[in-house]
Amino acid sequence: MPRLNSHDDFTPLREIIVGSAANYVGHDRDVSFELFHHENLSGFRSDWAYPRLTKAAAGRRESWTIKARYAEELHEDVEGLAATLAGLGVVVHRPLPLPADAAPVAGLGWEAAPTPALNIRDNTLILGSEIIETPPAIRSRYLETRLLAPVFTAYWEAGARWTTMPRPTLTDMSFDLSYARDTATTLGGPTEAIDDPQPSPYDVGVEMMLDGAQVLRLGRDLVVNVAQENHTRGAEWLQRHLGHQYRVHRVWRMADNHIDSMLLALKPGVFLARHDGIRDLMPERLRSWRFIVPPEPDQGAFPVYDDYEDLVLTSPYIDLNVLSVDEHTVLVNEECTGLAKLLEAEGFDVVSVRHRHRRLFGGGFHCFTLDTHRTGGFEDYLS
Ligand SMILES: NC(=[NH2+])NCCC[C@H](N)C(=O)O
């Protein structure tokens, strides 16, 4: 195993982990899931909100079944993504697949059905030669990075540093609800339930929670999206952990949590951004970069889902979530022709990859992957 080395999203890619969609058969809808996906869930069908959905008060969870056809098509597309990357000469590693009969995971005072290690960008941050497992905000994802442990172990054996951010207890009281409250739709929505957190003997107050996917990596500069106090604490941990070598730039409420369907760096000096307003949220010295804004999403480019049976977890902007193989080559969803054309006009080579159900499973190509070796170093792109 060569050494771990990944400081950015755009220098030539040598090794990557591609997530696994095996047995993504359902969602465990509890307070942590509803809160995390509040923006999309409340904008979609507010009356699905927890706990009205919950048939019995006991347990305060609901298992949500995903149609087998969608799960199978997702699996097919993720395997296609892995094959495309391998075909481009990138070494591809894989997590352990979630077994079909996976037992629930449990914390102090809660239990949840585990999710496969699919959106692996979310729960790990690779900074140079260090693996940082970030603290999940969704109970069902609590042990997700364990499915990556064989790959992380191999990198550790090859010299990587391997750190775990403090793990939250994730009781109802752990969450800062302010973002969900401030951004609640006029229809109401999940905030209704979140207003009624239940006390637990394990309460520790508001905890640190930060996903790797809230961080945009630019060598020695990190742009971190912070939307509420859980994130503030996570960003503070990161800055203290990294010390003065890194500059941790906090951006306030660029997104509810993950940054990578809002903003990605395609190469030094060039961002791909959801809208023009992103520039104003950026640290001063990054405002002079070029911001490429894709055309508005074409609603006709998405499969048609059932309002009652299918849970849509991402916005229609999810196809912005591309993956760069180097500064010239970008993997783009084949359904997103507007973005592909624009990138080609900007001088990029576009590799089209199939990914049908990006709205059902929370992520695109950047979310589904974790680059472990790129040739770029610990650069100062701001100087
Ligand atoms: N790393 C990720 N899972 N990113 C996906 C973010 C999707 C974003 N919440 C949206 O709806 O567009």
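How many nonpolar, polar and charged residues form the shell around the ligand? By class, the shell holds 4 nonpolar, 9 polar and 3 charged residues; here Ala, Val, Leu, Ile, Met, Phe, Trp, Tyr, Cys and Pro count as nonpolar, Asp, Glu, Lys and Arg as charged, and the others, Gly among them, as polar. The model is predicted: local features need pLDDT of at least 70 and side-chain atom pairs count only at pLDDT 80 or more, while totals for chains, interfaces and linings use all residues. Residues are numbered from 1 along each chain as its sequence is written.

**Ligand surroundings**
- The ligand is surrounded by 16 residues, of which the closest are Ala 213, Ser 261, Thr 314, Ser 315 and Cys 367; a residue is near a molecule if its C-beta atom, placed from the backbone, lies within 6 Å of it.

**Annotated active site**
- An unreviewed UniProt entry lists Asp 211, His 258 and Cys 367 under "active site"; UniProt positions follow the numbering used here, feature names are shortened, and annotations may be inferred rather than shown by experiment.
- These residues span 157 residues in sequence, yet no two of their C-alpha atoms are more than 11.2 Å apart, so they gather at one spot.

**Asp 211**
- Asp 211 sits in the loop between helix H6 (191-194) and strand E10 (215-218); helices (H or I, at least four residues) and strands (E, at least two) are DSSP runs, numbered from the N terminus.
- Asp 211 is buried, with 26 other C-beta atoms within 10 Å; buried requires 20 or more such atoms, exposed 12 or fewer, and partly exposed lies in between, with C-beta atoms placed from the backbone.
- Beyond its neighbours within four places in sequence, Asp 211 is in contact (C-beta atoms, placed from the backbone, within 7 Å) with Asp 122, Asn 123, Thr 134, Ala 137, Asn 257 and His 258.

**Cys 367**
- Cys 367 belongs to the loop between strand E18 (349-353) and strand E19 (369-374), and is buried with 24 C-beta neighbours inside 10 Å.
- Leaving aside neighbours within four places in sequence, the contacts of Cys 367 include Asn 119, Asp 122, Ala 213 and Asp 260.

**Strands E17 and E18**
- Strand E17 (residues 329-333) pairs with E18 in the parallel sense over 5 bridges; pairing requires that DSSP find at least two bridges between the strands.
- From E17 the chain crosses through helix H9 (residues 337-345) to E18 in a right-handed β-α-β crossover: with the strands pointing away from the viewer, the path from the first strand over the helix to the second runs clockwise.

Definitions and conventions. Contact = placed C-beta atoms within 7 Å.
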